[in-house]
Amino acid sequence: MSPIEPEAADTPPEPGTADLLPVVAPQLRELRRSASLTLEAAARAAGLSAAHLSRLETGQRQPSLPMLLALARIYGTTVSELLGERVAERDAIVRAADMEPTAAGGWTYWQAGSPGRGMQALRVHVPYGSQGDIVRVHPGEEWLHVLQGRLRLRLGDTTQILAPGDSAHFDSLTPHRIAAADQAGADLLFVHTLLQSPAAALCLGPATAHPTLGEMS
């Protein structure tokens, strides 16, 4: 497998992220050892050279989002843990009364799962004419299920109309856009695996919108 980044392409950490490196580097090393993987074996599985992974573990290189996602899968953990974040114990149950609506970008959504998980679940209302012209491409997977109304989903060069009861599951690197097909809008359940972390700027840059909806379809 070809390395994700050329071994010789060593560059200093980007401005504003250097303070995170002391946390990321030891986490990478500790999780690799907990997974009983040698440096060479982990690097090979991630598509990196052993020298490149060594530099990540010693804080000499800044990990990119694709690297973090690959290493999280190999070590059986989440990107949040790789970043050294510790989330308080979460209740497995989310009650309807505790779901506060939040509006952003014309959409309204309700958290339907605990924050800080590897997946994030939302209940979403998509009004007609809102964000329908925005094409999204980002790492991760998305699953959605239409509850009410009809949804227009464009994946690559193909457009589908989803009716209540229909679902879609796709790779988020496929260019996609979502819009309500009818004037009444559409309601759906939405689950995605995009990085949900206060330290997202490490990989994605400063957020310009709500940290969830700013990267949603």
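Where is serine 36 found?

**Figure 1. Serine 36 in a loop of the predicted model.** In this model, which is predicted, serine 36 is found in the loop between α1 and α2. The phi of serine 36 is near 60°, which is a positive value in a residue other than glycine.

**Figure 2. The protein chain as a whole.** The protein chain has six helices and nine strands, and of its 217 residues 38% are buried. When contacts with a separation of 6 or more are considered, 68% of those in the protein chain are accounted for by residues 24 or more positions apart.

**Figure 3. The largest nonpolar core and a second, separate one.** The largest nonpolar core has 21 residues, and those with the most contacts inside it are Leu48, Leu53, Leu71, Tyr75 and Leu82. Two or more residues of this core are given by each of the elements α1 (21-34), α2 (39-46), α3, α4 (65-75) and α5 (79-82), and the largest share, eight residues, comes from α4. Leucine 71 touches Leu28, Ala46, Leu53 and Leu82, when residues up to four places away in sequence are not counted. A second, separate core has 17 residues, and these include Val124, Leu151, Leu153 and Ala168.

**Figure 4. Helix α2 packed with helix α3.** Two packed helices are described by the angle between their axes and the distance between the axes. For α2 and α3 the angle is about 105°, and the axes are 8 Å apart. Angles of 65 to 115 degrees count as roughly perpendicular, and α2 and α3 are therefore roughly perpendicular to each other. In this contact Leu39, Glu40, Ala42 and Ala43 in α2 meet Ala50, Leu53, Ser54 and Glu57 in α3. Sorted by class, the contact of α2 with α3 has five nonpolar residues, one polar residue and two charged residues. Within α3 (residues 50-57), the buried residues are His52, Leu53, Arg55, Leu56 and Glu57, and the helix is followed by glycine 59, whose phi is positive, near 80°.

**Figure 5. Helix α2 packed with helix α4.** Here the two helices pack at an angle of about 120°, and the axes of α2 and α4 are 9 Å apart. That angle makes α2 oblique to α4, and α2 passes α4 in a right-handed crossing. Ala42, Ala45 and Ala46 in α2 meet Ala70, Leu71, Ile74 and Tyr75 in α4. The residues of this contact of α2 with α4 divide into seven nonpolar, no polar and no charged.

**Figure 6. Helix α4 and what follows.** Helix α4 is mostly covered, for eight of its eleven residues are buried, namely Leu65, Met67, Leu68, Leu69, Ala70, Leu71, Ala72 and Tyr75. Just after α4, glycine 76 takes a positive phi of about 65°. Valine 79 lies in helix α5 and is buried, with a relative accessible area of 9%. Although valine 79 and methionine 67 are twelve residues apart in sequence, they are 9.9 Å apart in space, C-alpha to C-alpha.

**Figure 7. Glutamine 131, a buried residue in a loop.** Glutamine 131 is found in the loop between β3 (120-126) and β4 (141-148), and yet this residue is buried, with a relative accessible area of 12%. Leaving aside its neighbours within four places in sequence, glutamine 131 is in contact with Ala104, Gly105, Gly106, Trp107, Arg136 and Ile178.

**Figure 8. Arginine 177 in strand β8.** Arginine 177 lies in strand β8 (residues 176-180) and is partly exposed, with a relative accessible area of 29%. Not counting residues up to four places away in sequence, arginine 177 touches Gly132, Asp133, Ile134, Val135, Arg152, Leu153 and Arg154. Arginine 177 and valine 137 are 40 residues apart in sequence, while in space they are 9.1 Å apart, C-alpha to C-alpha.

Key
Residues are numbered from 1 along each chain as its sequence is written. This is a predicted model: local features need pLDDT of at least 70, side-chain atom pairs count only at pLDDT 80 or more; totals for chains, interfaces and linings use all residues. Side-chain values use heavy atoms; hydrogens and water are left out. Buried means under 20% relative accessible area, exposed over 50%, partly exposed in between (1.4 Å probe, protein chains only). Helices (H or I, at least four residues) and strands (E, at least two) are DSSP runs, numbered from the N terminus. A nonpolar core is a set of buried Ala, Val, Leu, Ile, Met, Phe, Trp, Tyr and Cys residues joined through side-chain atoms within 4.5 Å. Contact means heavy atoms within 4.5 Å. Axes are lines fitted to C-alpha atoms, for helices over the stretch in contact, and angles run from 0 to 180 degrees between N-to-C directions. Angles under 35 degrees count as roughly parallel, over 145 as roughly antiparallel, 65 to 115 as roughly perpendicular and the rest as oblique. Ala, Val, Leu, Ile, Met, Phe, Trp, Tyr, Cys and Pro count as nonpolar, Asp, Glu, Lys and Arg as charged, and the others, Gly among them, as polar. A crossing is left-handed if the near helix is turned anticlockwise from the far one by less than a right angle, and right-handed if clockwise.
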